[in-house]
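This briefing goes through one structure by topic. Please look at the sequence and the 3D view before reading the points below.

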Amino acid sequence: MIRNLANKTDANIANCESEPIHIPGSIQYGYLIGIQGDALIISYCSENCTGLFNKNITEILGKSLYLFFQKDEIEAFFKYNSKTEQELTRPFVFTYSNEIYHCTSHLSGTITILEFELFSDDFLKLPDLYIQTKRFAYSTEKTNNLKSLCQDIADETRLITGYDRVMIYRFDKDYNGEVFAESLTEGMEPFLGLHYPHTDIPSQARDLYLRNLVRLIPDVNYTPIPIFGLETTGQPLEIPDLSLSFLRSVSPIHLQYLKNMGVNATFTISLIHNNKLWGLIACHHSAPKPLPYYIRISAHLQGFFLTSQLDVRQIADDFELTTQTEHKLNELYDILENNDQSITDKKTLKLLKELLNADGVVIFYNHTIFPEGILPDNIDIRMLINWLSSTVKKGTFQTANVKKDYPGSEQIDQTIAGIHYLPLSRNTGNCILWTRQEVEKTIKWGGNPHKAMTKNEVNATLSPRNSFDVWKETVKFQSKEWKKPEIHAASLICSAIQHQLHMRDLKEDQIRYTDLNVKLHRTVEELANMNWISTHDLKEPLRKIQFYASLILERTYDEIPESVKVNIAKMQGAANRMQLLIEDLMSYSKIINEEVSLQEVDLNIIFKEVLLEFQENIEEKDIVIQLSTFPTIQGISFQIRQLFINLIGNAIKFSKENAPNTLKIEWQEILDTEIINVTAKTGKAYHKIIVSDNGIGFDKNYKDKLFKVFQRLHSGRYAGSGVGLAICKKIAERHMGFIEAEGEEGKGATFSVYLPVETPGLVQVLH
Amino acid sequence: MVIKKLFLAEDDADDMDIFRDTLIEINPDINLLIAKDGLMLLNMLEAAAELPDLIFLDINMPIKNGFQCLQEIRASLKWKNIKIIVLSTSNDVEYIKNAYMLGADLFIPKASSYNEFKALLSKCLNFELDSLRKFIP
């Protein structure tokens, strides 16, 4: 059964993108034959084949191709076809009824589609091709940017083809198009610089253009020639996919579009770059225009010429920017190396700003803002940086339209439309931020882009806009885009800046340390002085007081009344306490300051002597002493003695009145891993000397406070300067050890002194 | 030996009085001459027709301190054998060592009790110096 496959559906569809343009079921002109199988059975043919072969359609469909063309012609054709290089350059030529037709073929599914056109130019004029190529080579040399090269190509293409208008049409990343270059017949309205919305060339058309590189519409008002197919019983008839067909009938919406523009013939060439549709060479003519075969090829060659140059041109265009940027970069490197000028100086910041051709720059370091240029208030800058550091997880971030991403953009849109953000370190939030102001851009659209398609109210058909008058759109809140060389320069300068900022910090630290060092030295000197002062300025008057008090008491004992005796005794008591205090303070300061050297100290002897000194008190208070044996250690003899005098003295002083009192003095050797309060455990060995009593003890909350100077827990009842335990602590520390206290009120106290077994030396005096 | 003449080198007014008063209590007949600094002491020794039996020397004095005097006295042929007792407010071990090294016969710290001082002074006047020596260098 014979079926007419022409797609009759009007564009009664919601959206252009889904129009099935690849299966129109008809052709514009020429002849199409679809053959299948080894017998070359004609299963499809265009209706006008009846005229070509002078036969009925029934006599053509289902018959073999061999019936219509010479056998050797067909075989030669298939031989030609089997060459892997299906070049367009030399078409195959069939002869029929003394007419020459060129033929191209392609495979569509299982169908081999043959397309025939009358061959109007019969040979390729090589000299012309030579001239064309030469002119192109000359043009690449002459032009120094992409735009002028495109202009030359547009001009050349028009020269070759004779179309009224040849445009180089370039797509942006959203596939909106711009007329980048144009060659016009005089008197025509220029479209140069106009933008066209992406809907003008819908996505399925663009996909087709990637596969099918040239498309010709010789006459916009053509009557489509339907294709007939032979349906074999039982099998549904496949509508051939004509994506790769040259003669394919085109979308009626597109034809309407062209008619609305006043165009009657078109020829388009795809410009492919990096496997993507970069743009088109679009040729328009105001009258119908067929295009001979070899002219098409020459025009297509122009397309290849152009795309071959795209990379080179891009690099060349970038080159100037790259050179400028490199120059600025080197200037900055010089300044940063020479540490005198800081990166945060106004002058240097200005250079940093200009490195990226920015309007403003901010260095954010150690929570301080260093701004330069056109910027909003510091508060707003801080907010922006906060948002950036929390949002941008990896790498850098840039935008030419900050409004799109940043919620707080209203605060800053007076001064910032574009930013380039470069974090310096992940944790600290330190970063560099370049900003650009908005550049108001006016885009000229060919017609209102928002009304690219209108829906016909009556029959719900789609029709393209019929007004192509220039429609201007003002785009706001966008800055100039950040170019690759600029972004690259930013990352290059990053580490140099980080380095300089670190050096700055180090310098400041150094100044601080020097400062502190000086202060420390002065303090030590003063302390050393104090030692001497204490001796003479404090002790002398004190001695006098004591002496005169004793003078009164001892010399005139019998003559003075009892009350006076009592008062004078009190005076003496106070003076004596003060003397003790001064002596203790002097000991304390001596321990820190005095230069001494290590001796062999036999602890057994020390304890024997100390206990001997306290013998009276021990007997008085009835204290039972338990004494271990002790090793000989390295230390400062008089300091060690002082330490234990203080501890044992305390134990005796704070023993209970009537209870049986014991004083235990023991020794252990212990590793620092076993000591709870040591943080850095290295396996160091210590002598642990424990002095424990069962006296009145102390509140365990004060076990650390005890050792502070003037901390007295039992003041009033018990005499003491409040410095004794501080002295013990200092002595232990001087020996590179430490001291701890444990106690319980009413139960007793235990003091543990840790002294390292191997003392590498004493904590030295600061000089 | 009976002491008849004493020199005291002392700059502090109170200490001067204390010494004099205590001395009078012990033995009012002893002749006491007081120098208020080191230089004056040396001048007094120069000018003395009779050398003193005993010199009490304070360390901390202006112009010439006790150590300097001690050195000079012990260096001179005329005076090197005079008994010298050094007084000081400090009981710094180094001071004491130094005093003996420079040739002092005794070092005593200044007292803070009247009775103590009186007993000490008496012993000195009886030349019971050895019993008072606490430090053997």
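**Two chains and what lies between them**

Chain A and chain B together bury about 1400 Å², and 51% of that area is on carbon and sulfur atoms. Three residues, T89(B), S112(B) and Y114(B), account for 37% of the area that chain B buries against chain A, more than any other three residues. The model is predicted.

**The contact between the chains**

- Chain B brings 16 residues to the contact, and chain A brings 13 residues.

**Chain A**

- Chain A contains 18 helices and 30 strands.
- Of the 767 residues in chain A, 47% are buried.
- Among the contacts in chain A with a separation of 6 or more, 67% are between residues 24 or more positions apart.

**Chain B**

- Chain B has 6 helices and 5 strands.
- Along the sequence, the elements of chain B come in the pattern β-α-β-α-β-α-β-α-β-α-α.
- Of the 137 residues in chain B, 49% are buried.
- In chain B, 66% of the contacts between residues at least 6 apart in sequence join residues at least 24 apart.

**Nonpolar cores**

- In soluble globular proteins, nonpolar side chains tend to be buried together.
- The largest nonpolar core here has 50 residues.
- Within this core, the residues with the most contacts are L6(B), F19(B), L41(B), I55(B), F56(B), L57(B) and I73(B).
- Helix α5 of chain B, residues 114-125, gives the most to this core, with 6 residues.
- Which residues does L57(B) touch, leaving aside its neighbours within four places in sequence? L57(B) is in contact with A9(B), L41(B), G66(B), C69(B), L70(B), I84(B), I85(B), V86(B) and L87(B).
- Another core, of 41 residues, lies apart from the largest one, and its members include I645(A), A651(A), C728(A) and A732(A).

**Cavities**

- Rolling a probe the size of a water molecule over the atoms shows where empty space is left.
- A search of the whole structure finds 5 cavities of 30 Å³ or more.
- The second largest cavity has a volume of about 120 Å³.
- The lining of the second largest cavity draws on both chains: R543(A) and F547(A) are on one side of the list, and L8(B), E10(B), D15(B), I18(B), F19(B), L87(B), K110(B), A111(B) and F117(B) are on the other.
- Two elements give two or more residues to the lining of the second largest cavity, namely α13 (484-555) of chain A and α1 (13-26) of chain B.
- The largest share of this lining, 3 residues, comes from α1(B).
- By type, the lining of the second largest cavity has 7 nonpolar, no polar and 4 charged residues.
- F19(B) is one of the residues that line the second largest cavity, and F19(B) is also among those with the most contacts inside the largest nonpolar core.

**Residues with a positive phi**

- Most residues other than glycine have a negative phi, and most peptide bonds are trans.
- L40(A) is not a glycine, yet its phi is positive, at about 55 degrees.
- L40(A) sits in the loop between β3 (31-36) and β4 (41-46) of chain A.
- Is L40(A) buried or exposed? With a relative accessible area of 8%, which is under 20%, L40(A) counts as buried.
- I63(B), a residue other than glycine, has a positive phi near 65 degrees.
- I63(B) is in the loop between β3 (54-58) and α3 (66-75) of chain B.
- I63(B) is exposed because its relative accessible area is 63%, and the cut-off for exposed is over 50%.

**Two aspartates in loops of chain A**

- D359(A) lies in the loop between α9 (346-355) and β15 (360-365) of chain A.
- The relative accessibility of D359(A) is 26%, so D359(A) counts as partly exposed.
- Leaving aside its neighbours within four places in sequence, D359(A) is in contact with K353(A), G373(A), I374(A), T435(A), R436(A) and Q437(A).
- D359(A) and E372(A) are 13 residues apart along the chain, and their C-alpha atoms are separated by 8.8 Å.
- D174(A) is in the loop between β8 (165-171) and β9 (177-184) of chain A.
- The relative accessibility of D174(A) is 45%, so D174(A) counts as partly exposed.
- D174(A) and H198(A) are 24 residues apart along the chain, and their C-alpha atoms are separated by 7.0 Å.

Note on methods. Residues numbered from 1 in each chain as written. Chains lettered and ligands numbered in written order. Predicted model: local features only at pLDDT ≥ 70, side-chain atom pairs only at ≥ 80, totals over all residues. Heavy atoms only, no water. 1 Å grid on protein atoms, 1.4 Å probe; cavity = no way out; pocket = protein on both sides within 12 Å on 5 of 7 lines; lining within 4 Å. Points joined across faces, edges and corners; volume = space filled by probe spheres on them. Helix = DSSP H or I, 4+ residues; strand = E, 2+ residues; numbered from the N terminus. Nonpolar A, V, L, I, M, F, W, Y, C, P; charged D, E, K, R; others polar. Core = buried A, V, L, I, M, F, W, Y, C linked by side-chain atoms within 4.5 Å. Buried < 20%, exposed > 50% of the residue type's maximum accessible area, 1.4 Å probe, protein only. Contact = heavy atoms within 4.5 Å. Buried area = accessible area lost by both parts, 1.4 Å probe.
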